[in-house]
Amino acid sequence: MSLKAVIFDLDGVIVFTDQFHYQAWKQMADRMGSYFDEEINNRLRGVSRMDSLEIILERYEGEPLDDEKKMELATEKNEAYRSLLATITPADVSDEVRGTLAEIRQRGYGIALGSSSKNAKFILERVGLTGAFDQISDGTNITRSKPDPEVFVKAAQFLGREPQECLVVEDAEAGIDAGIAGGMLTAAIGDAVNCKKADYELGTFSDLLQILV
Ligand code: B16
Ligand code: MG
């Protein structure tokens, strides 16, 4: 079956907000007296907010935290993250990414977002890319986060395409695993190239134009 659509991860592929995630989590972890560094932050790529919190709390040694307190901590982090997101502008998306998305559409492929983030629509609005996507599947329409394929399976359904007709573009190993589990082809960019599991490896975003002929 030939490729008809592309499903893009957001953070680490289209925009780069991992430093904002880091700063917001770091602020929370410091307040809790819990150790947190960039290496732990790397494990949070593609992982949902609550699952990220659980990873951070692996190093927490204080009083036990109930679900209500955990929700409070996640909300505190998200508020700090949203304040940082308010500083991003269309200039935070490269001309290469913008031009490649336009060319992929021009070539007739369906385009969807497949992001774990509940802030995905807000981010797309901030950078002026909402119109570049035919469909959006994000943290607001899933119950299981990557490596579960749910976010990509939903994206394919929203596009009206079979999984085998879709190419997933991801920067996280958990996202490549999710694409494979969903029965899709996968293209790795950035960090995900190191896992050596993807069907394609992108040196740069516009390399997609050699796959999507
Ligand atoms: P939020 P992606 C993911 O986005 C991020 O990589 C991950 O670090 C974050 O925890 C997750 O979104 C949830 O984000 O707190 O905004 O709902 O890479 O799947 O686009
Ligand atoms: Mg990502």
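How far is an oxygen atom of ligand 1 from an N or O atom in the side chain of N119? The separation is 2.7 Å, in what is a predicted model, where local features need pLDDT of at least 70, side-chain atom pairs count only at pLDDT 80 or more, and totals for chains, interfaces and linings use all residues. Residues are numbered from 1 along each chain as its sequence is written, chains are lettered from A and ligands numbered from 1 in the order in which they are written, and side-chain values use heavy atoms, with hydrogens and water left out.

**The ligand and its surroundings**

- Ligand 1 is surrounded by 17 residues, where a residue counts as near if one of its heavy atoms lies within 4 Å of the molecule, and the closest are V47, S115, S117, K118 and N119.
- An oxygen atom of ligand 1 is also 2.7 Å from a polar backbone atom of K118, while a backbone N or O atom of L10 lies 3.3 Å from an oxygen atom of the ligand.
- Of the 470 Å² of accessible area that ligand 1 has on its own, the protein covers 97%, with areas taken from the Shrake-Rupley method with a 1.4 Å probe.

- Helix α7 spans residues 150–159, and helices here are DSSP runs of H or I with at least four residues, whereas strands are runs of E with at least two, numbered from the N terminus.
- The buried residues of α7 are E150, V151, F152, A155, A156 and L159, where buried means under 20% relative accessible area, exposed over 50%, and partly exposed in between, using a 1.4 Å probe and protein chains only.
- These buried residues pack against the strands β1 (5–8), β2 (110–114), β3 (135–137) and β4 (166–170), and also against α8.
- Just after α7, G160 takes a positive phi of about 75°.

- A178 lies in helix α8, which covers residues 173–181, and A178 counts as buried because its relative accessibility is 0%.
- Leaving aside neighbours within four places in sequence, A178 is in contact (heavy atoms within 4.5 Å) with K146, P147, D148, P149 and F152.
- The C-alpha atoms of A178 and P149 are separated by 4.3 Å, although the two residues are 29 residues apart along the chain.
- P147 lies in the loop between β3 and α7, and the peptide bond from K146 to P147 is cis, with omega near 15°.

**Residues in other loops**

- D171 is found in the loop between β4 and α8, and D171 is buried, with a relative accessible area of 4%.
- Not counting residues up to four places away in sequence, D171 touches D9, D11, G12, V13, R45, I189, D191 and A192.
- K196 is found in the loop between β5 (185–189) and β6 (200–202), and K196 is exposed, with a relative accessible area of 59%.
- Although K196 is not a glycine, K196 has a positive phi of about 55°.
- Most residues other than glycine have a negative phi, and most peptide bonds are trans.
- S206, in the loop between β6 and α9 (208–211), is partly exposed, with a relative accessible area of 27%.
- Leaving aside neighbours within four places in sequence, S206 is in contact with E96 and T100, and the C-alpha atoms of S206 and E96, 110 residues apart along the chain, are separated by 6.5 Å.

Key
A polar contact is a pair of N or O atoms within 3.5 Å; within protein, one must be able to donate a hydrogen and the other to accept it, and residues adjacent in sequence count only if both atoms are side-chain atoms.
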